[in-house]
Amino acid sequence: MARSLVVCPEGIKLAISALTTKGWSREVLAGKVTVETQKEVKSVSKQTIDKFFAGKAVDRSYFAAICNTLQLDWEIISGVKILPIEVPPSAASGNSDRLQPIIQSYLDFLLKPNEEQIYIDTDAVLQQETRKSGKKGEQREETKEEQPPQPVVKKLLKDVLGDRREHVILSGRPGSGKSTALQQLRLALAAEGLVPVLVQLKYNIPILEAIANELEKGDLELEPGEIKRLLRNQELILLLNGVNEIPTDDLRRGLDYFREQNSTVSMIFTTRDLALGGDLGTSQRLEMKPLTVLQMQEFVGQHLPEVGGKLLEQLGDRLREVAETPLLLEMLCNVFGETGQIPENKGDLFRLFHEKYKKFKELPDDSQPFTLEILQQLAFVMMTGAPSKPTEFWLTIDRGLAERKIEKFLRERQESDAPSKSKKWLGDLLKHHYLLQVAADAGQIEFHHQLFQEYYAAERLLSLFDDDNNNDVTDEQRLQHLYLNYSK
């Protein structure tokens with residue numbers, strides 16, 4: 001009998017699905033797996049867990065213990081026992097012989113091992129639905145009883161894999177983990193042999209083209225007619241991120257029509273605020289809940305296993321005040337792990353985070369002095385948007401336009417050779433700075449997350465108050481109209 005075992009390709013998918021469903025990271029799994037011998041109880045290292053998921057040889061006793069902890073049959077995971085493959089009815093009648101191998105290639109692309117992301121499965125709650133009943137003139141409001149919070153990925157998996165084809169919208173505060181939840185859901189669905197497509201709605205392209213672009217990332221190049229056929233056969237599951245970020249009314253109307261025409265296709269939408277993005281008439285509305293204290297402590301412990309306890313001790317009751325969402329909590333762990341500093345408030349957290357990444361990325365010497373000001377100016381221009389539409393902002397900006405805006409800023413600062421420097425310094429930021437990146441459309445650029453764009457724009461707005469003659473901020477009505485518009 002072999003002393004070591006290897007996870008088979010199908011077993012890796014099942015193991016990833018089990019890990020994701022439980023909401024564990026590999027590090028958490030390592031802390032839960034033990035092997036009992038006659039002399040002692042041994043723990044399993046994170047390195048052994050990584051070898052298991054990479055399909056490398058693992059000691060037989062450790063292999064069985066990992067499978068038991070994940071509630072999996074070790075014989076199936078190792079390939080000793082063949083698992084009957086259950087093909088969803090919709091898939092059985094849809095995929096042509098030509099499409100089957102390239103769809104499998106796309107799933108393999110989604111399941112390709114990547115740098116592990118620490119994930120705590122946050123909770124979501126079904127939003128209360130109020131409706132009127134009774135005869136006209138005698139109507140009364142009836143409110144459905146609110147259900148208890150549920151782990152969001154498990155809840156969405158249940159909705160997607162159930163008998164009904166649900167259209168669900170997930171709302172939550174910026175940085176609350178909506179996008180990360182969709183990424184985890186995509187991984188779990190691919191491990192089940194289903195075909196999830198994660199689409200970012202902030203780009204200025206029609207929904208069908210956006211689906212095609214996403215499939216092409218995994219070398220699955222399909223004609224529009226083939227995509228429509230897959231949709232009719234219910235072979236795609238759509239994860240549509242950022243309803244509130246849709247850039248034009250035409251695209252929003254197009255999405256509404258697309259959803260109506262594909263009512264039997266499972267779709268999960270996310271939005272920042274239902275009041276801004278609307279619920280699209282979806283059948284279920286879920287709201288992300290803030291991290292619980294225990295979830296926050298678990299996140300810190302995973303991210304900073306050696307000094308996390310010190311961070312929690314120093315922050316005390318201020319933990320939620322400084323970092324109440326997964327994104328802010330990750331920033332806090334990065335700052336504390338690198339510098340040992342505790343921010344005074346959220347603004348201070350963003351400032352410390354900027355300084356940390358400025359040093360880490362080692363920007364060229366000639367562009368370093370202007371890094372902060374350029375990021376602030378660029379974010380400010382994007383949040384201001386077009387003067388003719390004061391309630392709209394841009395999440396992406398044409399690279400040429402960004403260069404011209406930075407050139408104008410440098411000219412106002414009387415910086416020599418502004419045209420050349422604007423191109424070079426923006427290029428340096430895109431190459432070296434974590435928080436600014438090239439968008440899906442290579443001609444556009446964007447901030448890594450909308451919260452960073454809002455932070456840098458706020459810093460720029462704050463600097464305007466230093467000029468007592470600036471009517472845009474000294475005039476309260478102009479200030480509110482231009483910069484403090486709630487609709488933004």
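Helix H20 (residues 399-412) lies across strands E14 and E16, running at about 80 degrees to E14. Helices here are DSSP runs of H or I with at least four residues, strands are runs of E with at least two, and both are numbered from the N terminus. Angles run from 0 to 180 degrees between N-to-C directions, and axes are lines fitted to C-alpha atoms, for helices over the stretch in contact. Contact means heavy atoms within 4.5 Å.

This is a predicted model, in which local features need pLDDT of at least 70 and side-chain atom pairs count only at pLDDT 80 or more, while totals for chains, interfaces and linings use all residues. Residues are numbered from 1 along each chain as its sequence is written, and side-chain values use heavy atoms, with hydrogens and water left out.

The sheet under discussion is open and has three strands in the order E14-E16-E15, with antiparallel pairing. Its edge strands, E14 (396-398) and E15 (436-438), each pair on one side only. From one strand to the next the twist averages 30 degrees. Two strands pair if DSSP finds at least two bridges between them; E14 and E16 (residues 444-447) have three. Asp398 has Gln444 in E16 as its bridge partner. Strands of a sheet pair through backbone hydrogen bonds, either parallel or antiparallel.

Next come the nonpolar cores. Such a core is a set of buried Ala, Val, Leu, Ile, Met, Phe, Trp, Tyr and Cys residues joined through side-chain atoms within 4.5 Å. Buried means under 20% relative accessible area, exposed over 50%, and partly exposed in between, with a 1.4 Å probe and protein chains only. The largest core has 57 residues, of which Phe52, Phe53, Leu70, Ile211 and Leu238 touch the most other members. A second, separate core of 52 residues includes Leu291, Leu311, Val322 and Cys333. Cys333 counts as buried because its relative accessibility is 1%.

What of the cysteines: how many disulfides does a search of the whole structure find? It finds zero. A disulfide is a pair of cysteine sulfur atoms within 2.5 Å. The sulfur closest to that of Cys8 is in Cys67, 9.8 Å away, so the two are too far apart for a bond.

Last is confidence. The predictor's confidence in each residue is pLDDT, from 0 to 100. The protein's mean pLDDT is 81, and 84% of its residues reach 70 or more. Over residues 82-94 pLDDT stays under 50, as it does over residues 128-137. Where pLDDT is low, the predicted coordinates should not be read in detail.
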